[in-house]
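User: I'm new to this one. Can you walk me through it?

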Amino acid sequence: MARHNGRGWYGRMIAAAVGVTAVAAATSVWTAQAGQSGSAPAAPGVSAQPAAPKKEVPRSVSASIAHASDGGEHAVNITIDDGPDPVWTPQVLQVLRDNGVKATFCMIGPQAQAHPELVRNVVAAGHRLCDHTVSHDTTMDKKSEGYQSQQILDAEQQITKASGGVRPMYYRAPGGAFTPYSRDLAASHGMRPLGWNVDSKDFERPGTDAIVATVKRELANGPTILFHDAGGDRAQTVAALRTLLPWLKQQGYSFGFPVR
């Protein structure tokens with residue numbers, strides 16, 4: 001904030017006109033005003049500097065690994081990992097849009113950084129973001145806390161910047177390689193650790209019919225279903241989603257987000 005030589009300049013003007021007593025009175029007024037506003041007034045001709053914006057502190061969330069859905073007992077959570085990808089993410093988004101379904105996208109930091117327009121498309125469509133680290137290292141649980149911190153927090157920053165300021169709401173460890181430290185760290189940054197109940201095995205590209213059959217067979221395990229929109233050819237995933245989303249609705253399922 002701009003500082004002035006305070007009562008010196010102001011006091012001399014007053015004293016010249018009305019004497020020392022008036023100076024004291026003016027000083028009292030000045031002091032009272034400063035106390036009310038919390039800061040001293042700027043010197044004449046000098047604009048006061050605006051206060052620096054407070055850095056947002058994310059609200060801490062539970063560090064336990066989430067599996068349940070906020071949509072209730074008969075809801076499922078669609079989660080999409082490893083993107084965004086310029087070929088497959090738009091196709092996944094279109095299938096979700098066609099079926100009126102919202103999903104959680106677990107993004108790799110550098111992928112988000114490379115394709116910010118896709119991250120913003122995800123957010124604009126009403127989906128949620130999840131931090132899936134910088135390097136997708138499935139051995140993170142064997143690495144140092146410093147390494148885990150770098151992987152999680154750097155990706156968080158990259159995703160947030162790419163999104164235009166929307167923060168990830170979850171953290172999913174690659175391959176489920178959580179540690180107590182990584183869970184606590186993510187939770188302290190407002191990112192609920194996110195697991196899954198149903199692995200569609202789409203990453204292995206076993207065929208669309210096999211992906212659909214796996215999801216139907218494993219759905220009794222719980223509501224959070226794992227798919228991928230990057231890491232290779234995801235045509236089978238897109239085709240499987242086209243079949244599964246209408247089928248889930250026919251079975252009476254609704255769609256939610258993982259609990260926070």
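Analyst: One term to begin with. Helices (H or I, at least four residues) and strands (E, at least two) are DSSP runs, numbered from the N terminus. The model is predicted, so local features need pLDDT of at least 70, side-chain atom pairs count only at pLDDT 80 or more, and totals for chains, interfaces and linings use all residues. Residues are numbered from 1 along each chain as its sequence is written, and side-chain values use heavy atoms, without hydrogens or water.

User: Got it. How many helices and strands does the protein chain have?

Analyst: There are 9 helices and 8 strands in the protein chain.

User: What share of the residues counts as buried?

Analyst: 44% of the 260 residues in the protein chain. Buried means under 20% relative accessible area, exposed over 50%, and partly exposed in between (1.4 Å probe, protein chains only).

User: On to the inside. Which residues of the largest nonpolar core touch the most other members?

Analyst: Ile78, Phe105, Met107, Ile225, Phe227 and Leu245, out of 32 residues in that core. A nonpolar core is a set of buried Ala, Val, Leu, Ile, Met, Phe, Trp, Tyr and Cys residues joined through side-chain atoms within 4.5 Å.

User: Which elements supply at least two residues of this core each?

Analyst: The strands are β1 (75–81), β2 (103–107) and β7 (224–228). The helices are α3 (88–99), α5 (116–124), α6 (145–163), α8 (208–218) and α9 (235–250). Helix α9 gives the largest share of this core, 7 residues.

User: Zoom in on Ile78. What does Ile78 touch?

Analyst: Leaving out residues up to four places away in sequence, Ile78 touches Val101, Ala103, Thr104, Ile225, Phe227, Leu245 and Phe255. There is also a second, separate core, with 10 residues. Among them are Met140, Ala177, Phe178 and Met191.

User: Now helices. How do α6 and α7 pack?

Analyst: Helix α7 covers residues 180–188. The angle between α6 and α7 is about 35°, and their axes lie 10 Å apart. Axes are lines fitted to C-alpha atoms, for helices over the stretch in contact, and angles run from 0 to 180 degrees between N-to-C directions.

User: Which residues make the contact?

Analyst: From α6 come Glu145, Gln148, Ser149, Ile152 and Leu153. From α7 come Tyr181, Ser182 and Leu185.

User: Which residues of α7 are buried?

Analyst: Ser182, Leu185, Ala186 and Ala187. These buried residues of α7 pack against α6 and β4 (170–171). After α7 comes Gly190, with a positive phi near 80°.

User: Is Asp82 buried or exposed?

Analyst: Asp82 is buried, because its relative accessible area is 8%.

User: What is the phi of Thr133?

Analyst: Thr133 has a positive phi of about 75°, and is not a glycine either. Thr133 lies in the loop between β3 (128–131) and α6. With a relative accessible area of 0%, Thr133 is buried.

User: Where is Asp141 found?

Analyst: In the loop between β3 and α6. Asp141 counts as partly exposed because its relative accessibility is 31%.

User: What does Asp141 touch?

Analyst: Ala177, Phe178 and Thr179, again not counting residues up to four places away in sequence. Asp141 and Gly176 are 35 residues apart in sequence, with 9.0 Å between their C-alpha atoms.

User: And where is Lys142 found?

Analyst: Lys142 is in the loop between β3 and α6. Lys142 counts as exposed because its relative accessibility is 66%. Lys142 and Phe178 are 36 residues apart in sequence and 9.7 Å apart in space, C-alpha to C-alpha.

How values were computed
Contact = heavy atoms within 4.5 Å.
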